[in-house]
Amino acid sequence: MTVHGVLARYADRLPVGPTTPRITLGEGSTPCVEAHHIGAQLGLASLHLKLEGLNPTGSFKDRGMVVAVAKALEAGSTTIVCASTGNTSASAAAFAARFGLRCVVVVPGGGVASGKLLQAQVHGALVLAIPGGFDAALRAVRELCDEQPFTLVNSVNPHRIEGQKTAAFEIIEELGDAPDVLAIPVGNAGNITAYWRGFREYHRDGLSSRLPRMVGGQAAGAAPLVVGHAVRDPETVASAIRIGDPASRQGAIDARDQSEGLIDAVTDAEILDAQHRLATQEGVFCEPASAASLAVLEKSVRSGAVAPGQRAVCVLTGSGLKDPDTVSRALQPPREVPADAAALARAILAA
Ligand code: F0G
C-alpha cells in the first residue's frame, strides 16, 4: 500500500508519539526531475529540480504545516495563527479546514500574490491585512500568541522546521546521495535551516556519503543576510521572500558557514529571467521566489563560486499558478482568429 504524507513516511525522524494524530493532506514525496537543458548550459554534471509546488496547497509549506497542526491538535489547541507572505497562510488554512481548527492569517496589505490570498479565503480562514510588511505582521502575531491561547504556526514553531527537513531526506533517497550543491530561496530562512538539518541528519546516520554546499538566494531588494543587517523596507517582485528581518537568520548563517556555501543576492530581472527559462526550456512553472534558487545558482557558476561538473539541485518552492499577475504583465493576450482551418493555418504560418 502506498504510504501518504510526511508523518507516515518519516515518523521515526519527527517529534511525534503515540498520541500525535497521523494526519495528512498528501504532502511530500514530490518529484525531483532532471533539468537537462539548463544543466548542460551551466556545465553542471547534473541539475535536478525539486518540485515543491506539487504539494497539496502548491508549496513546500505543507511539509512543516502537517507536523505543526498535528502537534497543535495533540495539545488540544483550537486556533492556529500565522503571519504570511501567502504560502504559509494557504497551507495553514487548508490544514485547519480539514482538521477542524480555526485559522487566522495576518498578511501584508497588498503584498500577497492573488492565488495565495484566494486559497486562504476559499479554505475559510479569517484573513486580516495589516499596513506594513511581513516583518511587522510576524512581530504582531508573535505578541498575540504570547498573550492568547492560540498556536503560532510560523516557522518559529520548531515543528515546522522538523517537517520541512524531510525534503532533504527525499532528495538523498531519490538521487542515491546528497548533491554537491543545494540551491534554495531564502526569505524568513526557515527552509534553508530545515534542509541543512535534514542533510546533516542523514549524513550522521550514514544514509548519505557527503554534505551539500548550501547556496541561498535572496532578492536584491530584500537581502538582509547578504548585506549583514535587517532591511527596513524590503522590495522585490518575488513577494514570497519580501522579508527584511528573517526569524531564522542564525539557522541560515550556520547552514551557509558549516556547509562552506554562500548566500547571495539576485536582481528581480535575474529572478524573472530564471522563471521564464524554467517555463520555456524545462516545462516547469514556478513562482518568482522559487526561481531565485536557479538565479543564484547561475550567478554562482558565472562567478566561479560553484565549479562546473558539479551535481546540483534547485528547490522550486512554489507553483507559478499562485502568482499569475507577475508573469502576465510580460505576456500578450491570445490573438483572436476565426474558427476555420484556413485562418488557423495563416495565423500559424505568420507566427
Ligand atoms: N519560496 C516560497 C514560494 C515561499 O513562500 C517562501 C516563504 C520562501 C521561498 C522562503 O522560505 O521563509 O523558509 O526562507 N514564504 C513564507 C510565507 C514567508 O509566509 O509563505 P523561508
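These legends describe close-up views of a predicted model.

**View 1. Residues around the ligand.**
The ligand is surrounded by 20 residues. The closest are S84, N87, N188, A189 and T317. K61 places a polar side-chain atom 2.9 Å from a nitrogen atom of the ligand. T85 has a polar backbone atom that lies 2.8 Å from an oxygen atom of the ligand. A polar backbone atom of N191 is also found 2.8 Å from an oxygen atom of the ligand.

**View 2. Helices α4 and α5.**
Helix α4 covers residues 87-99, and helix α5 covers residues 114-122. Their axes are 8 Å apart and meet at an angle of about 20°. Angles under 35 degrees count as roughly parallel, so α4 is roughly parallel to α5. The crossing of α4 past α5 is left-handed. On the α4 side, the contact is made by N87, S89, A90 and A93. On the α5 side, K116, Q119 and A120 take part. Sorted by class, the contact of α4 with α5 holds 3 nonpolar, 3 polar and 1 charged residues. N87, which belongs to this contact, is also one of the closest residues to the ligand.

**View 3. Helices α8 and α9.**
Helix α8 runs over residues 166-175 and helix α9 over residues 190-204. The two axes come within 7 Å and cross at roughly 50°. The helices are therefore oblique to each other. Their crossing is right-handed. From α8, the residues in contact are A167, A168, F169, I171, I172 and E173. They meet Y195, G198, F199, E201 and Y202 of α9. This contact of α8 with α9 has 8 nonpolar, 1 polar and 2 charged residues. N191, with its polar backbone atom 2.8 Å from a ligand oxygen atom, falls within the residue range of α9.

**View 4. Helices α12 and α13.**
Helix α12 consists of residues 268-282, and helix α13 consists of residues 288-303. Their axes come within 7 Å and cross at roughly 100°. Angles of 65 to 115 degrees count as roughly perpendicular, which means that α12 is roughly perpendicular to α13. In α12, the contact involves E270, I271, A274, Q275, R277 and L278. Their partners in α13 are P288, A291, A292, L294, A295, E298 and R302. By class, the residues of the contact of α12 with α13 divide into 8 nonpolar, 1 polar and 4 charged.

Terms used: Residues are numbered from 1 along each chain as its sequence is written. This is a predicted model: local features need pLDDT of at least 70, side-chain atom pairs count only at pLDDT 80 or more; totals for chains, interfaces and linings use all residues. Side-chain values use heavy atoms; hydrogens and water are left out. Axes are lines fitted to C-alpha atoms, for helices over the stretch in contact, and angles run from 0 to 180 degrees between N-to-C directions. Helices (H or I, at least four residues) and strands (E, at least two) are DSSP runs, numbered from the N terminus. Angles under 35 degrees count as roughly parallel, over 145 as roughly antiparallel, 65 to 115 as roughly perpendicular and the rest as oblique. A crossing is left-handed if the near helix is turned anticlockwise from the far one by less than a right angle, and right-handed if clockwise. Contact means heavy atoms within 4.5 Å. Ala, Val, Leu, Ile, Met, Phe, Trp, Tyr, Cys and Pro count as nonpolar, Asp, Glu, Lys and Arg as charged, and the others, Gly among them, as polar. A residue is near a molecule or strand if one of its heavy atoms lies within 4 Å of it. A polar contact is a pair of N or O atoms within 3.5 Å; within protein, one must be able to donate a hydrogen and the other to accept it, and residues adjacent in sequence count only if both atoms are side-chain atoms.
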